[in-house]
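Here are my notes on the model you sent. Please read them with the structure open.

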Amino acid sequence: MARDNILLGYVIMDILFVVSGGLLIIFALTTQAETREVFTKATVVRDLLLMMCPLNAAIGNAVLVFLTFLISVPAMVMPMTRGWLKFHGYMTVICAIFTLAIGLDIWFETLKTRKNLSDIWVSQPAATQSLLQQVLNCCGYANSTSPPFVVDTTCPNALVAAAQVGCVTPFSKEANNFLDLVFTGAFGIVGIDVALILATAMLLKDRKEKERYRFIDEKNGQGAF
């Protein structure tokens with residue numbers, strides 16, 4: 001029996017699709033767990049930036065991906081069905097739109113990074129601000145007086161603090177680099193979704209052609225009889 005390359009391509013893309021959903025939910029759940037822990041010098045910048053990501057939406061998207069994958073199972077085990085395949089295709093489109101919306105939301109947040117980071121800075125206790133000053137080697141947010149710096153080993157007094165840059169510059173650089181990586185990952189998942197949609201369309205066309213030929217063969221067979 002000849003190998004069905006179109007079906008094989010569809011199965012491979014479907015597996016990549018569900019793997020992307022697994023990575024998405026692992027990222028979201030791990031991030032939520034990490035952001036509940038006490039901040040340290042090694043984690044404070046990363047965890048504060050992760051809190052800017054729409055984690056609940058990512059979890060919801062991952063659940064939708066898993067449901068969509070389950071819908072694809074009948075389409076794979078029933079070699080001539082097209083109804084389940086169409087349903088799976090529509091659900092994949094919804095997943096792609098959902099993931100794209102998450103990626104765009106993160107991208108739009110990068111356009112107002114300084115404002116968002118200012119809100120984060122103000123909402124943090126002095127201990128967390130001090131950690132940021134030590135990690136980023138800066139004093140205060142905009143500068144050492146706006147808002148006022150926290151006294152620590154990096155900023156022991158006003159004279160030293162005034163000579164340091166405000167944390168907004170290094171913090172914004174870290175945020176942009178990090179969020180660029182996150183939304184690029186989201187767009188990469190959308191690319192997998194689009195590839196699966198194309199594979200689904202090809203399999204639908206192939207099954208439609210096979211059904212038409214089978215109908216013609218059955219008709220010719222009945223006529224000969």
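This is a predicted model: local features need pLDDT of at least 70, side-chain atom pairs count only at pLDDT 80 or more; totals for chains, interfaces and linings use all residues.

1. Residues are numbered from 1 along each chain as its sequence is written, and side-chain values use heavy atoms, with hydrogens and water left out.

2. Helix 3 (residues 55–77) and helix 4 (residues 83–110) have axes that come within 9 Å and cross at roughly 165 degrees. Helix 3 is therefore roughly antiparallel to helix 4 (angles over 145 degrees count as such). Axes here are lines fitted to C-alpha atoms over the stretch in contact, with angles from 0 to 180 degrees between N-to-C directions. Helices are DSSP runs (H or I) of at least four residues, numbered from the N terminus.

3. Five salt bridges turn up in a search of the whole structure (a side-chain nitrogen of Lys or Arg within 4 Å of a carboxyl oxygen of Asp or Glu). A network of them links Glu34, Arg46 and Asp47. Within it, aspartate 47 and arginine 46 meet at 3.4 Å, N to O. Aspartate 47 is buried, at 2% relative accessible area, whereas arginine 46 is partly exposed, at 34% (buried is under 20%, exposed over 50%, partly exposed in between, with a 1.4 Å probe and protein chains only).

4. In helix 8 (residues 168–224), lysine 210 and aspartate 206 lie four residues apart, about one turn. Their side chains form a salt bridge of 3.3 Å, N to O. Lysine 210 is partly exposed, at 36%; aspartate 206 is buried, at 17%.

Note on methods:
Helices (H or I, at least four residues) and strands (E, at least two) are DSSP runs, numbered from the N terminus. Angles under 35 degrees count as roughly parallel, over 145 as roughly antiparallel, 65 to 115 as roughly perpendicular and the rest as oblique.
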